[in-house]
Each structure stands twice: as C-alpha cells, then as structure tokens.
Amino acid sequence: MGRNRPNIAIVQGFVGSLMMWMGSLGVGWLSMASAGLRRNPIIIWLRFEPPGAFLSVLLLALGGMLLIRSWLRLGQRLNGWSEDTRPYVLRAIIAWTIPLAAALPLFSRDVFAYIVQGQVMVAGLNPYVDGYSQISNYLQIGADDLWAQSPTPYGPVFLWIEEGIVRVTGGDPDTSIILFRVIALIGVALCVWMVPKLAELHAVNPTRALWLTAANPLLLINFVAAIHNDSLMIGLALAGLYLAATGRPVLGILLITLSVGIKPITLIFLPFVGLLWAGKGASWPRRFLYWFLTAGLSLGLLWIMGLINTFGFGWVGALSTPGSVWIWYAPVGFIGLVIATLGNAVGLPGWDMASVFHTIARVGSLVIIAYQVLRGEHSHLVRRLAIAFAAIVLLAPMIQSWYVVWLIPLFAVTGIRDDWQVKSLYFTVAFFMVYAITDQLDIFPYFEFSLMMARQVAAVVALAFALYLVFLDRSTKVLFRKRYTPLAPGQLH
C-alpha cells in the first residue's frame with residue numbers, strides 16, 4: 001500500500017477542495033443580509049473587482065476538476081480494495097469535506113429558500129399554500145425569486161428543521177447556513193456509516209462501495225457545498241433500508257418515514273421494505289399483508305405529523321413544484337425538445353406533443369417500478385429498488401445532479417462492475433461537475449466581467465480539464481478506455 005501512496009491523491013483532493021473554498025468566497029452565494037462577510041476586504045476584492053471575480057471562477061473550476069482527478073487516482077492507488085484500505089477512503093472523505101463545509105454555498109441557492117421557508121413557518125403561515133414571497137425580505141436573504149410563489153415540496157420533518165433553525169438563529173442567514181450544513185453533514189455521515197454495511201450484505205466490497213458513493217465529488221458538491229436536504233433524506237433512507245434488511249423492519253420503516261418527511265420521493269423504498277419484512281419465499285397474500293402493514297405504519301406516522309403541524313397531507317399537492325420543467329441533457333427532456341421543435345416547424349402544437357411524450361415516459365417509469373416490485377429474486381430486492389428509483393429519475397424530463405446522487409449508493413452497494421458501468425459513473429460525475437461549475441455563479445452585475453463571461457471561462461477551463469482527464473492524462477485516461485485491466489496490488493500507476 002505504501003508503494004501506491006494513496007495519501008498523494010488525498011492531499012491533491014484536499015488542495016482541489018481548498019481551491020473550491022477560495023473560489024466560493026468570490027462566486028459562491030452570499031446573502032445581502034450578510035453584512036459582516038460583505039465588509040471583509042478579501043471578499044470585497046474577490047466579489048467586487050473583475051480580477052478577483054476572474055480568479056474565483058478559475059479557482060472554482062480548477063479545484064472542482066482536480067477533485068475529480070484525485071477521486072479517480074485514489075481509486076487506482078487503492079487497487080485491490082483490501083480491508084486495510086478503508087482508513088484511506090475515510091481520510092479522503094474527511095479531508096475533502098472540511099474545506100467545502102467552510103465554503104459559501106455553491107451550485108445552488110436552495111439553502112436560502114430553506115431559511116425563508118423557516119420564516120414562513122415561524123410566521124404561522126401554511127408553506128403548502130403560502131409561498132415565501134409572503135416574507136418581506138426574502139430577496140435580501142438570497143432566496144431565488146423563481147420559486148417565491150410556489151408551495152414548498154418538502155415534508156413535515158424538514159419544515160420542522162427549517163422552523164427550528166430559524167427560531168434558534170433569528171433568521172440570521174450566516175448562522176442558519178452553518179446549521180443547515182450541520183444537518184447535511186449528518187446525512188453524509190449516515191451514508192458513510194450505512195453504505196459499507198449494505199455492501200457487505202450483498203457480498204460487495206464495502207470499501208469500494210464507500211469510495212464510489214461518499215468520496216464521490218458529485219455527492220460532496222451536492223450534499224456539502226450546495227447543502228441540499230437530499231443528504232439527510234438519503235442518509236435516513238439507507239439507514240432504514242439496512243435495518244429492514246437485518247430483521248428490524250418496524251424501526252426501518254420509521255427511519256424511511258422520517259426520510260419521506262424530508263422529501264416524499266423516498267416513498268419508493270416502502271414496497272421493497274414490505275417485501276423484506278414479508279421474507280424470502282412469501283406467498284402473495286403474505287406480501288400484500290406486509291405491504292398493507294408497511295403502508296399503514298408509514299402513512300399513519302405521516303398522518304400524525306400532519307395533525308401536529310396542522311397542515312395534514314398538504315405536501316402531496318406541492319409535489320409537482322420541482323417537476324414542472326425540463327432540461328436539455330435529460331434524455332426525455334431532450335427528446336421532448338426535438339418533438340416540440342419539429343412539431344412547431346410543421347405547424348403542429350409542438351409543446352403539447354412534447355407534454356404527451358413526457359407523460360408517456362412517466363407512465364413508462366411506473367410500469368418499470370411495478371415490474372421491479374412484483375417480479376424478481378428476493379436476494380436482489382435492493383438492486384430492484386435501485387432500478388425502480390433509476391426509472392423515476394432517468395425517465396423524467398428534468399434531472400438535477402443531486403437526483404443522480406440518490407441512485408449512486410443503491411447501485412454501489414449492490415455492485416457496480418469495473419466495466420461500462422463504472423465508466424458511465426466516471427463520465428456522469430465529470431459531466432455534472434462541469435455543468436455545476438458553469439451553471440450557478442454569483443457574479444456582481446455592475447462590472448465588465450459579466451455573468452456570461454464568467455460562465456464561458458468556467459466552461460472552457462472545466463471542459464478542457466475533463467478532456468485532459470479522458471484523453472491525455474497518462475494516469476486517468478486508461479479508466480475511460482473500452483478495456484481496462486487493473487494493475488496487480490503493489491504496482492504503481
């Protein structure tokens with residue numbers, strides 16, 4: 001292990017993460033209400049002088065791509081994945097997380113929406129009816145105006161977390177962000193804890209599964225840098241799944257229900273947990289009985305939560321909020337765009353036709369889910385869950401990078417082969433990192449280095465680095481080739 005020197009990759013990743021932290025000071029999201037940070041002379045130069053903003057974009061782009069290279073190299077340097085490699089992966093996760101945990105929010109403004117939704121709760125309003133536009137200072141806080149009129153798509157558990165944090169901090173954005181990041185880090189810790197345990201249940205190498213999941217730059221940028229609540233959602237769901245798979249189904253259902261109370265998408269776990277509870281070789285009547293018991297327990301708990309917060313199941317009506325758009329890189333979104341463009345070109349209602357196609361794709365995902373629930377080996381239940389979950393994500397017209405992070409743990413713990421499967425993951429991670437780096441930058445609008453110029457610089461630097469990794473880097477290009485044979489343990493890469 002010493003000859004392969006995995007600590008080199010860990011240090012390089014730490015440098016990449018540190019560069020992203022430095023870049024965040026200039027182009028990460030900063031609330032107008034953050035008076036203390038806005039008076040810092042370093043931040044003033046990085047945010048309000050064109051050279052500082054340019055340097056921040058450069059640091060963010062180079063740091064993000066260096067983090068990907070370090071992740072790939074760590075996987076190479078730990079070739080063999082023996083038990084004594086686990087500490088290196090844990091060390092990497094900690095080293096790469098610390099700078100990102102200290103960064104200004106990157107790649108997403110959702111955390112500011114969490115703050116003003118907490119203010120909606122504190123004000124005694126109904127977040128499933130009243131958008132955060134009801135809060136007089138929501139633009140000062142930094143929340144995106146795009147969703148200001150929309151009902152919140154989050155469940156009662158996360159509403160309580162939002163309300164609790166705002167009550168503790170008085171709505172101060174800087175302190176609130178720190179506490180929301182602590183919540184996100186708890187989710188990351190649950191993933192780090194549960195992924196190896198679930199992998200061992202499936203006779204999959206637990207250290208490799210942990211590397212694929214929790215050391216993955218895609219998880220780190222979405223769960224740590226961007227502070228998405230999906231972190232706690234997935235952490236609780238994985239913990240519940242593990243408990244259900246090891247003979248503690250009621251406790252497992254409780255944790256999965258808490259996960260549903262953050263974002264309802266993890267309802268998909270429940271029918272598979274019901275099958276785990278019913279046991280191997282269960283008859284159809286027994287399966288239906290345990291599906292009924294699982295649904296009754298979970299919905300009963302959610303009903304009680306609805307009684308406590310007085311909002312009932314109001315979140316059900318809000319579920320369409322994030323799904324009302326499409327994006328070009330989602331297969332269904334792209335095909336819908338082509339259909340709309342061709343339809344409009346010949347005088348037909350193109351977007352209506354695209355909407356029909358989107359609906360057909362959603363129905364197709366429901367068919368796949370039903371098949372995975374009703375058919376298949378009991379020993380493959382978690383893999384069947386992964387496929388069902390993937391159908392929801394991949395057949396939607398809108399795919400965000402954190403949707404992909406939902407899927408990675410489930411596939412990793414049931415086995416991602418070292419062939420086209422892991423190569424697909426490498427390309428996916430690289431694509432979404434490049435996209436994230438160029439998509440959301442907080443650029444001061446009143447100087448000549450415009451947001452468009454910043455995005456172009458970020459895109460050129462990140463894409464050039466990605467192409468270097470795939471085609472030129474002697475160490476990493478072998479990972480993207482059609483045939484890759486890992487070196488024997490002890491050989492240097």
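Predicted model: local features only at pLDDT ≥ 70, side-chain atom pairs only at ≥ 80, totals over all residues.
Residues are numbered from 1 along each chain as its sequence is written, and side-chain values use heavy atoms, with hydrogens and water left out. Local features need pLDDT of at least 70 and side-chain atom pairs count only at pLDDT 80 or more, while totals for chains, interfaces and linings use all residues.

**Pocket and kinked helix**

The second largest pocket has a volume of about 520 Å³. Its lining has 19 residues, and the closest to the centre are L394, V404, S424, L425 and T428. A pocket here is an open set of points on a 1 Å grid over the protein atoms alone, where a 1.4 Å probe fits, with protein on both sides within 12 Å along at least five of seven lines; lining residues have an atom within 4 Å of a point. The volume is the space filled by probe spheres set on the points, which are joined across faces, edges and corners.

Helices α19 (381-394), α20 (401-414) and α21 (420-439) each supply at least two lining residues, with α21 giving the largest share, seven. Helices are DSSP runs (H or I, at least four residues), numbered from the N terminus.

Back to α20: a kink of about 25° lies at L407, shortly before the proline P409. That bend is the angle between axes fitted to the seven residues ending there and the seven starting there. Since 13 of its 14 residues are buried, α20 is largely enclosed by the rest of the structure; buried means under 20% relative accessible area (1.4 Å probe, protein chains only). Just after α20, G415 takes a positive phi of about 110°.

**Salt bridges**

The whole structure holds seven salt bridges, each a side-chain nitrogen of Lys or Arg within 4 Å of a carboxyl oxygen of Asp or Glu. Three of them are:

| Pair | N to O distance |
|---|---|
| R47 and D442 | 2.7 Å |
| E163 and R167 | 3.0 Å |
| K263 and D230 | 2.9 Å |

E163 and R167 sit four residues apart in helix α8 (residues 156-169), so about one helical turn separates them. In the K263 and D230 pair, K263 is buried at 14% relative accessible area, and D230 is buried at 0%.

**Positive phi**

Most residues other than glycine have a negative phi. F107, in the loop between α5 (86-101) and α6 (110-122), has a positive phi near 70°. I227, in the loop between α11 (217-225) and α12 (230-245), has a positive phi near 60°. F107 is buried at 9% relative accessibility, and I227 is buried at 1%.

Notes. Buried < 20%, exposed > 50% of the residue type's maximum accessible area, 1.4 Å probe, protein only.
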